[in-house]
Amino acid sequence: MPIGKYRGITLQRELVNVIERYINSHPEMGYKSLADFATDAIREKCEQLKILTPMPEQPVLEHFNISEHGVRILDRTLANRTSRGRIIDVYFRPDNAWCEHCQSTDCRHVEFALNIPKVRKIIIKKGWEISKKIKET
Ligand SMILES: [Zn+2]
């Protein structure tokens with residue numbers, strides 16, 4: 001095992017003895033060792049206290065302010081020390097969508113924008129060429 005992956009803890013002998021007796025007399029519990037039992041017990045406590053529960057992950061791209069002119073997208077991959085993300089405008093034009101950040105009509109922001117159901121509706125309603133670019137899902 002790699003050095004540093006494990007750390008030992010010291011427990012009261014009396015407590016350890018009781019647990020060991022329990023483990024030995026209850027093989028059906030599946031504990032192979034005291035460490036096995038302790039890990040399980042600690043994990044259960046951590047779950048109860050929500051210590052191990054990861055923070056809910058926020059989506060990398062999020063949209064807001066949808067209009068027929070365009071959509072604003074928050075890109076969390078472009079976060080820096082002063083902000084949690086960068087706001088990017090994608091503009092709709094009859095034949096394409098334009099990302100002001102990438103200066104492109106074909107970047108992940110455009111793709112993301114064109115996959116927002118509300119945006120699809122706007123574009124399809126307008127009968128714009130770019131509706132053909134929308135990927136069917
Ligand atoms: Zn872009």
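**Fold and zinc site of the predicted chain**

The chain has four helices and four strands, where helices (H or I, at least four residues) and strands (E, at least two) are DSSP runs numbered from the N terminus. The structure is a predicted model, in which local features need pLDDT of at least 70, side-chain atom pairs count only at pLDDT 80 or more, and totals for chains, interfaces and linings use all residues. Residues are numbered from 1 along each chain as its sequence is written, and side-chain values use heavy atoms, with hydrogens and water left out.

Read from the N terminus, the order of elements is α-α-β-β-β-β-α-α. Of the 137 residues in the chain, 26% are buried; buried denotes under 20% relative accessible area, exposed over 50%, and partly exposed the range in between (1.4 Å probe, protein chains only). The chain exposes about 10,800 Å², and carbon and sulfur atoms supply 54% of this area. Accessible areas were computed by the Shrake-Rupley method with a 1.4 Å probe, and for residues only the protein chains shown count as cover. Among contacts (heavy atoms within 4.5 Å) between residues at least 6 apart in sequence, 25% join residues at least 24 apart.

The strands form an open sheet of four with the order β1-β2-β3-β4 and antiparallel pairing, two strands being paired if DSSP finds at least two bridges between them. Strands β1 and β4 are at the edges and have a single partner strand each, so one side of each is left without a neighbour in the sheet. From one strand to the next, the twist averages 25 degrees; for such angles, axes are lines fitted to C-alpha atoms (for helices, over the stretch in contact), and angles run from 0 to 180 degrees between N-to-C directions.

Strand β2 (residues 70–75) pairs with β3 in the antiparallel sense over six bridges. Valine 71 stands opposite valine 90 in β3, and aspartate 75 stands opposite arginine 86 in β3. Arginine 86 is partly exposed, with a relative accessible area of 37%. Leaving aside neighbours within four places in sequence, arginine 86 is in contact with Ile73, Leu74, Asp75, Leu78 and His101. Between the C-alpha atoms of arginine 86 and arginine 76, ten residues apart along the chain, the separation is 6.5 Å.

Strand β3 (residues 86–93) is joined to β4 by four bridges, and the two strands run antiparallel. A hairpin of two residues connects β3 to β4. Arginine 93 has asparagine 96 in β4 as its bridge partner.

The zinc ion has Cys99 (SG), Cys102 (SG), Cys107 (SG) and His109 (ND1) as its protein donors, at 2.0 to 2.3 Å. Donors are N, O and S atoms within 2.8 Å of the metal (3.2 Å for Na, K and Ca); water is not among the atoms, so sites may look incomplete. The spacing of the donor residues in sequence is C-x2-C-x4-C-x1-H. Cysteine 99 belongs to strand β4 (residues 96–99) and histidine 109 to helix α3 (residues 108–114), so this pair ties together parts that are ten residues apart in sequence. Cysteine 99 is buried at 0% relative accessibility, and histidine 109 is buried at 1%.

The angles among the four donor atoms are 105 to 116 degrees, and the site is tetrahedral. Four donors count as tetrahedral if all angles lie between 85 and 135 degrees; four count as square planar and six as octahedral if opposite donors are over 155 degrees apart and all others between 65 and 115, and anything else is irregular. Ideal angles at a metal are 109.5 degrees for four tetrahedral donors, and 90 or 180 degrees for six octahedral ones.

Positive phi values were also examined. Asparagine 65, although not a glycine, has a positive phi of about 55 degrees. Asparagine 65 lies in strand β1 (residues 61–67) and is exposed, with a relative accessible area of 53%. Glutamine 103, a residue other than glycine, has a positive phi near 50 degrees. Glutamine 103 is placed in the loop between β4 and α3 and is exposed, with a relative accessible area of 53%.
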